[in-house]
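Biologist: I would like to learn how to read charged side chains in a model. Could we go through them one at a time?

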Amino acid sequence: MEHQMKTLRHFEIASENARRKVAQIRTIIGDLDRVVQILSSDIATEEERSRIPDPSDPAYSILARTLAARRDNLKVTIATLEQRLEKILVALPEAIAA
């Protein structure tokens, strides 16, 4: 009986930790998504200002190019976090069921 209680408590703690991680990752993804939107807007503004919307144009704005690189890196980070989130969500019901 005592062993069952300890095991149950262990899974409750693991489940709560997983839920906390899920909340944290979702918050980070939301924050990064907002930054991506802001960067996309800033890129569009810079392209309008410079009147060169084509990144393959040698005269394309260095600022727009830098912002686009940052935005693209954040998109990769978001995708990685989404994969991590999915793994946690798949494991969460298993921890609860055990």
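**Charged side chains and their surroundings**

Modeller: Start with Asp31, which is partly exposed at a relative accessible area of 37%. Buried means under 20% relative accessible area, exposed means over 50%, and partly exposed lies in between (1.4 Å probe, protein chains only). This is a predicted model, in which local features need pLDDT of at least 70 and side-chain atom pairs pLDDT 80 or more, while totals for chains, interfaces and linings use all residues. Residues are numbered from 1 along each chain as its sequence is written, and side-chain values use heavy atoms, leaving out hydrogens and water.

Biologist: How many salt bridges does the structure hold?

Modeller: Side chains of opposite charge can pair when their charged atoms come close. The term salt bridge requires a side-chain nitrogen of Lys or Arg within 4 Å of a carboxyl oxygen of Asp or Glu. There are three salt bridges here.

Biologist: Which side chain meets that of Asp31 in a salt bridge?

Modeller: That of Arg34, with an N to O distance of 2.4 Å. Arg34 and Asp31 are three residues apart in helix 1 (residues 2-50), so about one helical turn separates them. Helices are DSSP runs of H or I, at least four residues, numbered from the N terminus. Arg34 is partly exposed, at 46% relative accessibility.

Biologist: What is the distance between the side chains of Glu46 and Arg49, N to O?

Modeller: Their salt bridge spans 2.5 Å. Glu46 and Arg49 also sit three residues apart in helix 1, about one turn of the helix. Glu46 is buried, with 8% relative accessibility, whereas Arg49 is exposed, with a relative accessible area of 59%.

Biologist: With which residue does Asp72 form a salt bridge?

Modeller: With Arg71, where the closest N and O atoms are 3.3 Å apart. Asp72 is partly exposed, its relative accessible area being 36%.

Biologist: Is Arg71 buried or exposed?

Modeller: Buried, at 17% relative accessibility. Arg71 belongs to helix 2. Leaving aside residues up to four places away in sequence, Arg71 touches Val36, Leu39, Ser40 and Ile43; contact here means heavy atoms within 4.5 Å.

Biologist: Where is the place of Arg51?

Modeller: In the loop between helix 1 and helix 2 (62-97). Arg51 has a positive phi of about 60°, although it is not a glycine. Arg51 is exposed, with a relative accessible area of 74%.

Technical notes:
Helix = DSSP H or I, 4+ residues; strand = E, 2+ residues; numbered from the N terminus.
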